[in-house]
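User: I'm new to this one and I'd like to know where the labels come from. Can you show me the structure and then go through it with me?

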Amino acid sequence: MKYDKPLVAGVIGALSTIPAEIFTRVLVAIGIGKYSVYQLDSLIVTFYRPTEIIGLIVNFIFGGFIAILFYYAVQKLGQDYLVLKGLVTGLLSWSVTEILITMTVEGKYFDIRPINDYYVHILGAIVFGITLGLLFNKYLFTKPIQLNKQ
């Protein structure tokens, strides 16, 4: 069986969205924001009806795509500081997502969100990026055990 690292990277990226959703859902539950990450991203498809299942699908696709791009970037940039690079990747993906949402649906199909919602999603992107870096470090870029032959 061939070990397909870009595919594993995509799966890691999709799964890294789950801790970000849990974190943002907690923040929304205590009243800090209006939408969790999955709810917000579902609005790209549903326009004004936030739903977690569609958000999960959108986020898995987007998170997997970002992780595959991150994998190839790490091949060029090196494997050191993966958590920090993952954090930056999470913040860059957040900015792309926010621009996409603001240009397409926010203000047209649903009301403009409160500023706290942006902070909730920045923190979710940080959780995504840290999780991405940690999982890449553990499952993709671990050094194989070397046995000393004498």
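Analyst: Let's begin with one definition: buried means under 20% relative accessible area, exposed means over 50%, and partly exposed is in between, using a 1.4 Å probe and protein chains only. The model is predicted, so local features need pLDDT of at least 70 and side-chain atom pairs count only at pLDDT 80 or more, while totals for chains, interfaces and linings use all residues. Residues are numbered from 1 along each chain as its sequence is written, and side-chain values use heavy atoms, with hydrogens and water left out.

User: How do you know that the span of helix 3 agrees with what it should be?

Analyst: The expected span is 1.5 Å times one less than the number of residues. For the 26 residues of helix 3 that should give 38 Å, and the end C-alpha atoms are 35 Å apart, which agrees. Just after helix 3, G78 takes a positive phi of about 105°.

User: Which residues of helix 3 are buried, and what do they pack against?

Analyst: The buried ones include G55, N59, G63, I66, F70, Y71 and V74. The buried residues of helix 3 pack against helix 1, helix 2, helix 4 and helix 5.

User: What makes a set of residues a nonpolar core?

Analyst: A nonpolar core is a set of buried Ala, Val, Leu, Ile, Met, Phe, Trp, Tyr and Cys residues joined through side-chain atoms within 4.5 Å. The largest one here has 14 residues, and F70, Y71, L82, L132, F136, L140 and F141 have the most contacts inside it. Helix 3 gives this core its largest share, 5 residues. With contact meaning heavy atoms within 4.5 Å, and leaving out residues up to four places away in sequence, L82 touches F70, V74, G133, F136, N137 and F141. A second, separate core has 6 residues, among them Y35, I101, V105 and F110. In soluble globular proteins, nonpolar side chains tend to be buried together.

User: Why is something called a cavity, and how many are there of 30 Å³ or more?

Analyst: On a 1 Å grid over the protein atoms alone, a cavity is a set of points where a 1.4 Å probe fits but cannot get out, and lining residues have an atom within 4 Å of a point. The points are joined across faces, edges and corners, and the volume is the space filled by probe spheres set on them. By this rule there is 1 cavity of 30 Å³ or more. The largest cavity has a volume of about 220 Å³. It is lined by 18 residues, and V37, D41, N59, T97 and A125 are the closest to its centre. Helix 4 gives the most to the lining, with 5 residues.

Note on methods. 1 Å grid on protein atoms, 1.4 Å probe; cavity = no way out; pocket = protein on both sides within 12 Å on 5 of 7 lines; lining within 4 Å. Helix = DSSP H or I, 4+ residues; strand = E, 2+ residues; numbered from the N terminus.
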